[in-house]
Structures are given as C-alpha cells and as structure tokens.
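Please study the sequence and the three-dimensional model shown below before reading on.

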Amino acid sequence: MELKSYQKKVIADLTRYLELLNETQNYMTAFEQFWREKSAPGLGLYRNVIAGVPNLCIKVPTGGGKTFMACAAVRRIFDALPQGKPKMVVWLVPSDPILVQTTTNLMNPDHPYTRRLNADFGGRVGVFTKEMLLNGQNFTPDTVHEQLTVCILSYGSLRIDSKKKDVRKVYQENGNLKNFADYFKDESELLEDTPDTALIQALRHLSPVVIVDESHNAGSDLSVAMLNNLNPSFVLDLTATPRNNSNIISYVDARKLKTEN
C-alpha cells in the first residue's frame, strides 16, 4: 500500500517541519518559519499546550487514511530526535472499539500499517497492549532499545481521576516492571506520589513519541495532564476536526480524497 499524493504531501510537510526543528532547535520558531515558507504567516502562531514538547496536528477528513500516514510519519520523527533514544511510541485512542481495531491491525503482519512500520524499522517492531505491558511480556529495558515499541492504549487507561481498578494499575506498584526501576536511575523523571515500578514511570523514563488518534476528544485539562504524565518527546495529533488550540502542520481538503477515490 503506497501513500497517495495528498498523503505524501502531509508527510512532506511534517518532514520539512522536522528539518526546521533541527535547524532552529526551537519547536515554536520552527512552526512559525514553516508557515512563513508557505506564505501563510498567520497560521504560524504556535499554541504551547504541552510545555517544552513539539505538539503538531494533522487535519485529514474521515476516511483519509490518518493511521497509515501516522505509521509513515514514525520513522521521520525518530530520525529527527536525538540518536540513541529508545524508539517508543504510545498510540492513544479514544474508545474500546478503536482500541480493538487498531491493535488488531497493528498486530497483523500482513496489514499495510504493520508492513509500513516493518519496512521502516527493518522488521524490528513490537506491538503491546496494556495487559502485555503490565505483565512485562517481552517488555524490558533491553527490548525497548532493540526495536520500535508501539504501545496501544486508550485515553481512559491513563485517566488520573479514574476509580476503576484496572485503570489504576498503570499507576500502581508492579513487580513485573522492577527492571525498569533498576535500569533508570534519574529520579527527576519520576511522577510524584507514584511507585517507581509503576507502568507510568517506565513510560515516562522512555519519553515516548505520542500519537493521539481522534485528538479532538483529548482537549480537556485532564487529557493534557494525561499527556504530561507520559513525559513525551513529541506529540502528533490526528483528527478531522482540530481543536482551537491545535498546531496544524498539514491539512487535506475533502475534495482531494474524492479526486483520489
């Protein structure tokens, strides 16, 4: 499955921003310069929702292949980040049906999403559910340094205000993840009032690239706190209906989808 013309343009826009980010070493300046190059300086006002972290949005109509574009973007993003950084992706989805669908697709070696990631990362890709992460199932400090690790989680699984037992497990002590607590010694990265063996602490230490599917559903203060808890290195929003504070780096007109069927 090849990228369609409009999808290639989206990836090209993101790639150009990443080039500017490396040139300027400032994610806000890069955003402003990107839109100045496009002769649209009015679109270059960056909304600093997550302090210290590039947070971009791709606006694509429903049915435009946002997930496939996100898979194609992962390699570009990691190429622009410091070398040697663990290639960790936290893929957030808004509902259980989308969680099941995304997990099924990304765990299917014959699906175009998986084939794209495998092509970009030499077949060294591990896809994990929340349960696999909590059980430490092939999830260790060694494995995350040897492959692209994609963790598919729902927004709800990271809600800090949840009273559900299975949600709170992300923030609870977990002997299965003791290796991460032993491996990462920088206590400044730890989330306060949370055991150092909790899954959230392991994810924080790995400073993941976060992909937020249907990001218009993640605009509340609690959702921003959820993202901050992950200590992301980069956040990419995918949506057909961006919020007012979204930093749109590329957008697709519905007519382009119709043109390419």
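Predicted model: local features only at pLDDT ≥ 70, side-chain atom pairs only at ≥ 80, totals over all residues.

Residues are numbered from 1 along each chain as its sequence is written, and side-chain values use heavy atoms, leaving out hydrogens and water.

Helices (H or I, at least four residues) and strands (E, at least two) are DSSP runs, numbered from the N terminus. Helix H3, residues 66–80, packs against helix H5, residues 112–120, at an angle of about 10°, and their axes lie 9 Å apart. H3 is therefore roughly parallel to H5, a term for angles under 35 degrees. Contact means heavy atoms within 4.5 Å; among the residues that meet are Phe68, Cys71 and Arg75 in H3, and Tyr113, Arg116 and Leu117 in H5.

Helix H10, residues 199–206, is mostly covered, with 8 of its 8 residues buried (under 20% relative accessible area, whereas exposed means over 50%). The buried residues of H10 include Leu199, Gln201, Arg204 and His205. After H10 comes Ser207, which has a positive phi near 40°.

Two asparagines also have positive phi. Asn138, which is not glycine, has a phi near 60° and is found in the loop between helix H6 (130–134) and helix H7 (141–146). Asn138 is exposed, its relative accessible area being 57%. Asn231, likewise not a glycine, has a positive phi of about 55°; Asn231 is placed in the loop between helix H11 (221–229) and strand S6 (234–239).

Key:
Axes fitted to C-alpha atoms, helices over the stretch in contact; angles between N-to-C directions. Parallel < 35°, antiparallel > 145°, perpendicular 65-115°, else oblique. Buried < 20%, exposed > 50% of the residue type's maximum accessible area, 1.4 Å probe, protein only.
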